[in-house]
Amino acid sequence: MRSERLVQVVTECNVRGVSTRRVDGLVQALGLEGMSKSQVSELAKELDSLVESFRHRPLDAGPYTFVWLDAITQRCRDGGRVVNVVTVIASGVNRDGHREILGLDVFTREDEAGWTTFLRSLVARGLRGVKRVTSDAHTGLKAAIAAELPGCCWQRC
C-alpha cells in the first residue's frame, strides 16, 4: 500500500517534470522504500487519469453566472525538448455561490481558434447561464467569447 507521502512526492515530481529515474532517489531520501521506474510510471498514469476525469466532468452545478478566463505562458518538456505552451483556465461561480474551476487546457499558442475550442468544450460539458466574463483584452479571446457565449457581457480584468 502506498503511503500518502509517497503519492505526494511522486505527484510533485510529475508536476515539475522530474524524470522517473530521479524519483527513486527522492523517495529514498525521504526514508521511504524506493520505487522502480515502472512503479513511478504507473502512479503517473493514475494521476493523468484523475486529471482527465476532472477535465471532462459534466458542469452540472450551473448556471455559472460569472466566469473568469486567463492564460499563462510556460516552458514545458515535449518529446525530449523544451517548448513554450499556453495553459488556460476557466473558473466560475456556481448556483450555490461557490467559485469552481470549470476547465483547463494547454495550447501551443494563444489564439482565437484555441480559445474557441476551449469554450466550446466547456459549453458541451454544461456551461450555461453566463452573464459576465472577465478576462484580459486578448483579441482572439474576446472574439471567442462573443461567438461561443452570446448575450453575456465582457469585462476587462
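User: Happy to look at this one with you! Is F54 buried, partly exposed or exposed?
Analyst: Let's start with a reminder that this is a predicted model. F54 sits in helix α3, which spans residues 37–55. Because its relative accessibility is 34%, F54 counts as partly exposed.

User: Thanks! What is the strand order of the open sheet?
Analyst: The sheet is open, has 5 strands and shows mixed pairing. Neighbouring strands are turned against each other by 25 degrees on average, with direction ignored. Read across the sheet, the order is β3-β2-β1-β4-β5.

User: Which strands stand at the edges?
Analyst: An edge strand here has a single partner strand, so one side of it is left without a neighbour in the sheet. That applies to two strands, β3 (99–107) and β5.

User: How many bridges join β1 to β2, and in which sense do the two strands run?
Analyst: Good one to check in the viewer! Strand β1 covers residues 66–78 and strand β2 covers residues 81–93. Within this pair, T73 stands opposite V86, and Q74 has V85 as its bridge partner. The strands are joined by 12 bridges and run antiparallel.

User: Which residue in the hairpin of β1 and β2 takes a positive phi?
Analyst: Most residues other than glycine have a negative phi. The hairpin has 2 residues between its strands. The residue with a positive phi, near 60 degrees, is G79.

User: In which sense do β1 and β4 pair, and over how many bridges?
Analyst: Strands of a sheet pair through backbone hydrogen bonds, either parallel or antiparallel. Here F66 stands opposite R132 in β4. The pairing of β1 and β4 is parallel, over 3 bridges.

User: What is the handedness of the crossover from β4 to β5?
Analyst: Strands β4 (residues 132–135) and β5 (residues 153–156) pair in the parallel sense over 4 bridges. One of the paired positions is V133, whose bridge partner in β5 is W154. The chain passes from β4 through helix α5 (residues 139–148) to β5, and this β-α-β crossover is right-handed.

User: Now for the charges. Which residues are linked in a network of salt bridges?
Analyst: E52 and R55 lie 3 residues apart in helix α3, about one turn of the helix, and their side chains meet in a salt bridge of 2.9 Å, N to O. R55 also forms a salt bridge with D105, with the closest N and O atoms 3.0 Å apart. R55 takes part in both contacts, and the network links E52, R55 and D105.

User: How many residues apart in sequence are the parts that R55 and D105 tie together?
Analyst: D105 is partly exposed, at 21% relative accessible area. R55 and D105 form a salt bridge. Because R55 lies in helix α3 and D105 in strand β3, the pair ties together parts whose separation in sequence is 50 residues.

User: In the salt bridge of R109 and D111, which residue is buried?
Analyst: The side chains of R109 and D111 meet at 3.1 Å, N to O. R109 is exposed, with a relative accessible area of 56%. Buried means under 20%, so at 18% relative accessibility the buried one is D111.

User: Which residues does the cis peptide bond join?
Analyst: Most peptide bonds are trans. In the cis bond here, omega is about 15 degrees. Its proline, P63, lies in the loop between α3 and β1, and the cis bond joins G62 and P63.

User: Last one: what separates the C-alpha atoms of A29 and L127?
Analyst: A29 lies in helix α2 (residues 20–29) and is exposed, with a relative accessible area of 69%. A29 and L127 are 98 residues apart along the chain. Their C-alpha atoms are separated by 45 Å.

Definitions and conventions
Residues are numbered from 1 along each chain as its sequence is written. This is a predicted model: local features need pLDDT of at least 70, side-chain atom pairs count only at pLDDT 80 or more; totals for chains, interfaces and linings use all residues. Side-chain values use heavy atoms; hydrogens and water are left out. Two strands pair if DSSP finds at least two bridges between them. A crossover is right-handed if, with the strands pointing away from the viewer, the path from the first strand over the helix to the second runs clockwise. Buried means under 20% relative accessible area, exposed over 50%, partly exposed in between (1.4 Å probe, protein chains only). Axes are lines fitted to C-alpha atoms, for helices over the stretch in contact, and angles run from 0 to 180 degrees between N-to-C directions. A salt bridge is a side-chain nitrogen of Lys or Arg within 4 Å of a carboxyl oxygen of Asp or Glu.
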